[in-house]
Each structure stands twice: as structure tokens, then as C-alpha cells.
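Here are my notes for your first pass through this one. Keep the viewer open as you go.

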Amino acid sequence: MDYQHILDTIHDEMSYRDVKGKVASYIPELAKVDRKKFGMHVYCGDKQHFCFGDSKENFSIQSISKVFTLAMAMRLMGEDLWDRVDVEPSGDPFNSLTQLEYESGIPRNPFINAGALVISDILVDQLDDPKKELLEFVRHITGDPNIDYDKTVAASEKATGYRNIALVNYIKALGNIKCDVEPIVDFYFHQCSLAMSCEDLSKAFMLFANRGRILDTNEKILKPKTVKRINALMQTCGFYDEAGEFSFQVGLPGKSGVGGGIVAIHPKNYSVAVWSPILNEKGNSELGMKALERFTTLTGVSVF
Ligand SMILES: NC(=O)CC[C@H](N)C(=O)O
């Protein structure tokens, strides 16, 4: 497969001028990102990798971080985790509070904010220094010791993060949060602020395409069963109330973030990351989704 040719074709065909969405602004710092940015990176099981555009530039990974924290929580709790968070698509926006009331504080899945905040509670409760351990985890699986939090983005989200703070308080009132609210949201805002490139993300997500093993070293980090569960959740819940559309258009398990990144994987085959900060109404990268649709169409490879 000539991946470089396919990526070059996508780069030639598409431009930020073709999409009408907006860069996220409810986190003030994200509104400063240049809407012209566009990059893509593919990592393959044979360690070859291909890219175009701004694929080596760091951006705020936001909700993509929820996949890393889920992996860490599954390593700590195994199947007991599912007593605290469910595994169903929500069909609601990522930051919705409504289902919690009639579902007794058990979030629909770990990729909506409510679910990710319960995962944050678990990590804050069980780890001595969760921020340090998350950084170590991400640096280890990418082999990049320079990955770090963007403290300006974390502070910007904290200053305006009323909904997430409300979510933790509400879930705590319903009995599904153990720790204090402040350290949970502090950890969550930091995980969302992780600054990574498409290159970093496609390499990190090879873990999920490679049955839980780091591509470079073959070290086993996750059990195959854990990887199966995480990939299933990415397929059904990775794009909030657009999960069906992403499956329909692209046909890969994946995860998006409001920084405009999307990562998707094909089990045993490849991992692909794309970044364009212009979001559609559902909070997913508009150009990113189109680029991935072209990618699975031109390669003829999706999970379906
Ligand atoms: N979908 C997202 O990327 C949302 C992440 C963002 N930090 C929030 O909690 O609102």
C-alpha cells in the first residue's frame, strides 16, 4: 500500500477553506489556535510511518486523553471498573448532565465528560501522583520524553470549567465520586491539556492496534482483552452523539478532542492521527473526519 501517495492525495484534495465550522472557544486558550492548521500521520505495524502538513506540531489533545486514562484505570481495576461507568453510547453531547439524574450517577461511558471524570476520581484515589504517572505512561508508550502538559491551557479551562465542576459535584451527590472535587478536576484539566502531535498520537495509539504492545519495544502494556474493550468503546462512543456517523463514514475505532485532533486505529494494521482545529457542531474536527473518510476509502481498509 502506498500510504504516502494516499496522504498526498488527501492533502491536495482538502483545505480548511472547504469547511465552515469554528475553532473551540469555550476554553479561551483554544480560540487562539490558527484555523489553517492541518496535518496527518500514519503509523504501520511494520514501524513505517507517513505524514503531511502540520503532523509534527503539538496541539491540545483534549478528550483524546480519555483513552489513556481509561487504559490506566483498567490496569488498576480490571473488570470492576464497569460498576462505576457503563459501556453504552450516550447519544448526547460530550458535556451533558441529563442522563446522570435518571441513571443514578453511573455515566453512560468513559468517553463522555461524566465518565472521564469518574475515571479521574479512580486515578486520583488510587495513584500517589496521578499527573506524574499519566505523563510517564504517555511518554513511555510514545518513547518521547518531552511530552508535557500545557499549563496555560489547563489554567484556561479551569477558569471557565463550570460544567465539568458541576458534573463532579453532581456525580458526587449521587454517590459515584470518592475524592474531593478539586483534585479530580485539576487532574482532568491537566490530562486534557496534554500537548502532542499527530506523530506522537499515531505512535501512542499503535498500542491499541498492536494488541497492547508498544510498537518499538514489543513490551506488553495492556492485556488483549483490555484492548478489545477499549477499541469497542472507541467504535461505539468515541465521537459522542456523532459516533454512528463516524462509524458510517470512516469505519474505524477512534477518538476525537475539541483541540481538533482525531486518532483512529485498524487492529493489527495501522494507527492514523489527523489534526484540524475547525470543529463541527458536535465538537469533532470537520476536516479531520473528511480526511479520515477519504483515507479509508482510498486505502479500502476499514474494520467493516
Ligand atoms: N470533547 C472534548 O475534547 C472536551 C474536553 C474538554 N476538556 C472538556 O471537558 O470540555
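Predicted model: local features only at pLDDT ≥ 70, side-chain atom pairs only at ≥ 80, totals over all residues.

**Notes on the model**

1. Let's start at the ligand: the residues of its shell split into 3 nonpolar, 7 polar and 1 charged. Here Ala, Val, Leu, Ile, Met, Phe, Trp, Tyr, Cys and Pro count as nonpolar, Asp, Glu, Lys and Arg as charged, and the others, Gly among them, as polar. The shell is made up of Gln 62, Ser 63, Phe 94, Asn 95, Asn 113, Glu 157, Asn 164, Cys 192, Gly 257, Val 258 and Gly 283.

2. Residues are numbered from 1 along each chain as its sequence is written.

3. Next, a helix pair. Helix H2 (residues 65-77) packs with helix H5 (residues 130-142) at an angle of about 105 degrees, and their axes are 11 Å apart. Helices (H or I, at least four residues) and strands (E, at least two) are DSSP runs, numbered from the N terminus. Axes are lines fitted to C-alpha atoms, for helices over the stretch in contact, and angles run from 0 to 180 degrees between N-to-C directions. H2 and H5 are therefore roughly perpendicular to each other (angles under 35 degrees count as roughly parallel, over 145 as roughly antiparallel, 65 to 115 as roughly perpendicular and the rest as oblique).

4. Which residues make that contact? On H2 they are Phe 68, Thr 69 and Met 72, and on H5 they are Leu 134, Phe 137 and Val 138. Two residues are in contact if their C-beta atoms, placed from the backbone, lie within 7 Å. The residues in the contact of H2 with H5 comprise 5 nonpolar, 1 polar and no charged.

5. Now turn to helix H6 (residues 151-160), where Val 153, Ala 154, Ser 156 and Glu 157 are buried. Buried means 20 or more other C-beta atoms within 10 Å of the residue's own, exposed means 12 or fewer, and partly exposed is in between, with C-beta atoms placed from the backbone. The four cover an arc of only 160 degrees around the axis, which puts them on the same side of H6; the arc is that of the directions from the helix axis to the C-beta atoms. The buried residues of H6 pack against strand E4 (59-60), strand E5 (148-149) and helix H8 (181-193). Lys 151 and Ala 159 are exposed, on the face of H6 turned away from its buried side.

6. Back on H2, have a look at Ala 71. Ala 71 is buried, with 21 other C-beta atoms within 10 Å. Leaving aside neighbours within four places in sequence, Ala 71 is in contact with Leu 222 and Ile 230. Arg 75 is also found in helix H2, but Arg 75 is partly exposed, with 13 other C-beta atoms within 10 Å. Arg 75 and Thr 226 are 151 residues apart along the chain, yet their C-alpha atoms are separated by 8.3 Å.

7. Leu 123 is in helix H4 (residues 113-126) and counts as buried, with 21 C-beta neighbours inside 10 Å. Its contacts, leaving aside neighbours within four places in sequence, are Thr 69, Met 72, Ala 73, Pro 130 and Phe 187.

8. Finally, two backbone angles to check. Arg 211 has a phi near 50 degrees, a positive value in a residue other than glycine, and lies in the loop between helix H10 (206-209) and helix H11 (224-237). Tyr 240, not a glycine either, has a positive phi of about 55 degrees and is found in the loop between H11 and helix H12 (243-249). Are these two buried or partly exposed? Arg 211 counts as partly exposed, with 16 C-beta neighbours inside 10 Å, whereas Tyr 240 is buried, with 24 other C-beta atoms within 10 Å.

Notes
Near = placed C-beta within 6 Å.
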